[in-house]
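Here is a short tour of a structure for you to follow on screen. Have your viewer ready, and let us walk through it together.

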Amino acid sequence: MLQFTFRRLSLFFFTMLLLSLLSFSLSYFFPGDAIINLSGQVNASQEELALLSQQYAMHESFFSQYWHYLLRIFQGDMGISMASQLPISDEIANLLPATIELSIISLILAMSLGIPLGFIAAIFHKRAIDNIILSFAIVGYSIPVFWLGLFLILIFSIQLAWLPSAGNISLLFEIPHVTGFLFIDILLSNSEYKWQAFYNALAHIILPASVIAIAPATVFIRLARSAMMEVLATSYIKAAKTKGLTNAQIIYRHAIRNALIKMIRHIGLQFSHLITFAMITEVIFNWPGIGRWLIESIYQRDYTAIQSGLLVLSSFIFIVHIITDFIYATLNPLARENKHGS
Amino acid sequence: MNLLDIRNLSIELKTKNGTILAVDRVSLTMKEGEVRGLVGESGSGKSILAQAIMGILDERWKVHADRFHWRGIDLLALPWQERKKIITQDVAMIFQEPMACLDPTTTIGEQLEEAVPNCQLSGYFWQRSKQRKLAVINLLHKVGIKNHLKCYHSYPHQLTEAFCQRVMIAIALARQPLLLIADEPTAAMESTNQGQIFRLLASLNQLKNMSILLISHDLENVTHWTNTITVMYSGQFVEAGTTKQIFKSPYHPYTKALLDSSPKANVELPPKSRLMTLPGSIPVLQHLPIGCRLGPRCPRAQKKCVQAPKTTNYHGHQVNCHYSLKDTY
């Protein structure tokens, strides 16, 4: 396990190195002056620019520039946004929690919908239920996210007026910013309308979360189905049948755990797709998250925001991958190595 | 009374290109306390036959039989659920590759505990988990595992193949079965471990009067441990009799060829001379010969052999051949 941890950490280190190198090189690839792209100071005078290039070591070698860039990132200084002239690190700290909240709730939704359906399809393989679930999975996978988002807004917000269509909470509620995670902040606040605010935030998250969840859920259906079918064909399931266990007991005690272990790594891989869907959905639902902010900065040619936003978002995805790897290692006894018992 | 009485059992495999008759009218009887060897080359349908008896074949396979009696009960007349209940209660099976037959993510202890049937336990439910654990430790001792605690908490991949097979035998013993089907229990095992497993099975047979159906591809290896032997070839019944009958006077040309091909049975053979073998190899399932499936390879085959022979019984020595070797002895 120690070796495993060390290997993951070294992978993390080198990937972050490459990511930061890419992000740094973007300031040269983007049009305009590299120092302006890096710092975001579009309105700076000639003297201020000279001072900045002194700070950023722009006259030294690329290696030294990169080193100074790394140092500044570790200090939490990512420059200021070209569009709003606010520090990017503050904006990200405000926006990233909303995206994390949305994507985690969508992931939970997708898993709790997709995995049981996939298992049911595998257990009733080649029967009507299997076909119904599979066709649902294919339809769900082929629906474009933006179309589904607009469609749901049309039905549930405009026609039926059940759910709000934009934002993550009604403007009536004033929630102090503590952690950035809205649900945690609501519970931490001591406003007398705490629970109203909570239900309001819940109503706001239902539509975007289900729009994001639908495509990963259909992928989970297919993954869970194939994993379960693979497990059900193994010899230990056959041997368990000779023990006199009922089918329900076999599935509950032996099949589900083994099928889940096969799936965990795929769930981690699906997370990057989920973030992509989340970015589009944030634009549609006007969600104050990092995805919408990043897409807006692309429209505004805000190069400083683009490179820092990419760095933060990709490291977030990578951290999630590493966490799923650790969960896999702890759940799967085959990953723990030492032999004993003979 | 016979424990198990199967007459003319056929197993068909449904494929896209029509059905394949994998096992063709095989008969098998088991008496109480008997150790019967079921011998044949790999691909001769032994394992399929065993799995058909256990009822664990999937829906691609179709099983027919003229008679399928278990201790006088006609299993074919019973609904599927009850048949499964009776079979799993009295018949246990151990497989080749024991490690693959244990759930890799569950500890040995848990897998053994769930095999202990509720009817062996007494008292209220809070007393039962302790009784289960005790029963499991007893089972582990029975199969010769002394370090029961370490084994109890181990995962299958932490044990050796021979240990896993012992655990499989312990799981099989949990329901105190009348018949144990051992499907090549020592395949891919060292010879010392093979001996241990066979001795364990033999002692269980003698002490508990448990019948054993020992499936093997190795005729001479099973003869030490069996009372009677059934020989199969390419899904067809070949010959059945006591071990002595099969060894001393095989009536079927295939059994004779099988014995002639083994160096141990031919001690008088001069050194460095060729062993007797049949020409050709076992037919693939897609291209089975009609009639007696040994036909194209058989040294005694004649025109009549394109029709499948009927089984003839000579005082308990059954043979399935038109031109049996009976008169040559």
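## Helices, contacts and a core

The model is predicted, so to speak of local features a pLDDT of at least 70 is needed, side-chain atom pairs count only at pLDDT 80 or more, and totals for chains, interfaces and linings use all residues. Residues are numbered from 1 along each chain as its sequence is written, while chains are lettered from A and ligands numbered from 1 in the order in which they are written.

Helices here are DSSP runs (H or I, at least four residues), numbered from the N terminus. Helix α1 of chain B covers residues 46–54, and its buried residues are K46(B), L49(B), A50(B), Q51(B), A52(B) and I53(B). Buried means that 20 or more other C-beta atoms, placed from the backbone, lie within 10 Å of the residue's own.

One of these, A50(B), is touched by L213(B), which also touches M30(B), R36(B), L38(B), L179(B), I181(B) and A182(B), not counting residues up to four places away in sequence. Contact means C-beta atoms, placed from the backbone, within 7 Å.

L213(B) also belongs to the largest nonpolar core, which has 146 residues; together with A224(A) and A170(B) it is among those with the most contacts inside it. Such a core is a set of buried Ala, Val, Leu, Ile, Met, Phe, Trp, Tyr and Cys residues joined through C-beta atoms within 7 Å. Helix α9 of chain A (residues 194–232) supplies the largest share of this core, 20 residues.

Now turn to chain A. Its helix α1 (residues 2–29) has 28 residues and reaches 40 Å from first C-alpha to last, close to the 40 Å expected at 1.5 Å a residue. In α1(A), S23(A), F24(A) and S27(A) are buried. The partners against which the buried residues of α1(A) pack are listed here:

| Partner helix in chain A | Residues |
|---|---|
| α2 | 34–39 |
| α4 | 62–74 |
| α13 | 303–331 |

Further along, A137(A) sits in helix α6 (residues 128–142) of chain A. A137(A) counts as buried because 21 other C-beta atoms lie within 10 Å. Leaving aside neighbours within four places in sequence, A137(A) is in contact with T218(A), I221(A) and R222(A).

Finally, how do the chains meet? In total, 21 residues of chain A are in contact with 28 residues of chain B. On the side of chain A that touches chain B, α10(A) gives the most, with six residues.

Note on methods
Helix = DSSP H or I, 4+ residues; strand = E, 2+ residues; numbered from the N terminus. Expected span 1.5 Å × (residues − 1). Buried ≥ 20, exposed ≤ 12 C-beta atoms within 10 Å, placed from the backbone. Contact = placed C-beta atoms within 7 Å.
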